[in-house]
Amino acid sequence: MNKQQEELRKKSPIQIKNRKASFEYFFIEEFTAGIVLTGTEIKSIRLGKASLVDTYCVIINGELWVKGMNISPYFYGSYNNHELKRDRKLLLTKREIQKLASATKQTGYTIVPLLVFIDDKGRAKMDIALCKGKKSFDKRQTLKEKEDKREMDRAMKVYK
């Protein structure tokens with residue numbers, strides 16, 4: 001991911017994050033994918049009414065799908081509203097999908113959504129990562145590092 005893409009993500013008004021992902025998994029490689037959405041789904045995302053809790057990606061017939069993504073119904077949607085947790089197609093190049101498919105055949109690897117954001121052209125995008133699951137001692141190590149970093153930041157604020 002280049003610096004310009006990171007700047008666009010930071011400027012995006014909508015950033016729906018999967019906070020548990022960094023605690024549960026090691027990120028091997030990250031990708032940015034487009035999401036195929038209906039009209040009321042994109043309107044709900046633009047209002048920030050989506051969640052990535054318990055969300056995962058699978059490859060079916062050479063296509064990448066996100067399962068378990070919760071997008072709340074659009075308030076003004078009437079009878080045209082969408083289903084809450086339907087499967088949604090992700091758009092990646094064929095080469096990237098093949099790379100992910102071969103990697104997920106190995107045990108312990110999975111594809112996890114990290115972030116949903118709106119790009120500069122108004123389209124919904126999703127950052128996904130090829131991940132390897134952490135063991136319990138890895139999780140404890142992550143918590144310890146996080147705690148140490150917080151303590152160092154507090155100490156630096158005292159000296160300023």
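Trainee: Why does N18 count as buried?

Mentor: Buried means under 20% relative accessible area, exposed over 50% and partly exposed in between, with a 1.4 Å probe and protein chains only. N18 has 14% relative accessibility, so N18 counts as buried. A note on the source: this is a predicted model, in which local features need pLDDT of at least 70 and side-chain atom pairs count only at pLDDT 80 or more, while totals for chains, interfaces and linings use all residues. Residues are numbered from 1 along each chain as its sequence is written, and side-chain values use heavy atoms, with hydrogens and water left out.

Trainee: Where is N18 found, and which residues does N18 touch?

Mentor: N18 is found in the loop between β1 and α2 (21-24). Helices (H or I, at least four residues) and strands (E, at least two) are DSSP runs, numbered from the N terminus. Not counting residues up to four places away in sequence, N18 touches L52, V112, P113 and L114; contact means heavy atoms within 4.5 Å.

Trainee: What makes S12 count as buried?

Mentor: The relative accessibility of S12 is 8%, and therefore S12 counts as buried. S12 has its place in the loop between α1 (3-11) and β1 (15-17). Leaving aside neighbours within four places in sequence, S12 is in contact with F117 and I118. The C-alpha atoms of S12 and L90, which are 78 residues apart along the chain, are separated by 20 Å.

Trainee: How do you know that the charged end of K134 sits over the ring of F26?

Mentor: The definition requires NZ of Lys or CZ of Arg within 6 Å of the ring centre and within 35 degrees of the ring normal. The charged end of K134 sits over the ring of F26, 5.1 Å from its centre.

Trainee: How many helices and strands does the chain have?

Mentor: The chain has five helices and nine strands. Along the sequence they follow the pattern α-β-α-β-α-β-β-β-β-β-α-β-β-α.

Trainee: What can be stated of the chain as a whole?

Mentor: Its C-alpha atoms fill a box of roughly 55 × 40 × 30 Å, taken along the principal axes. Of the 160 residues, 32% count as buried. Among contacts between residues at least 6 apart in sequence, 66% join residues at least 24 apart.
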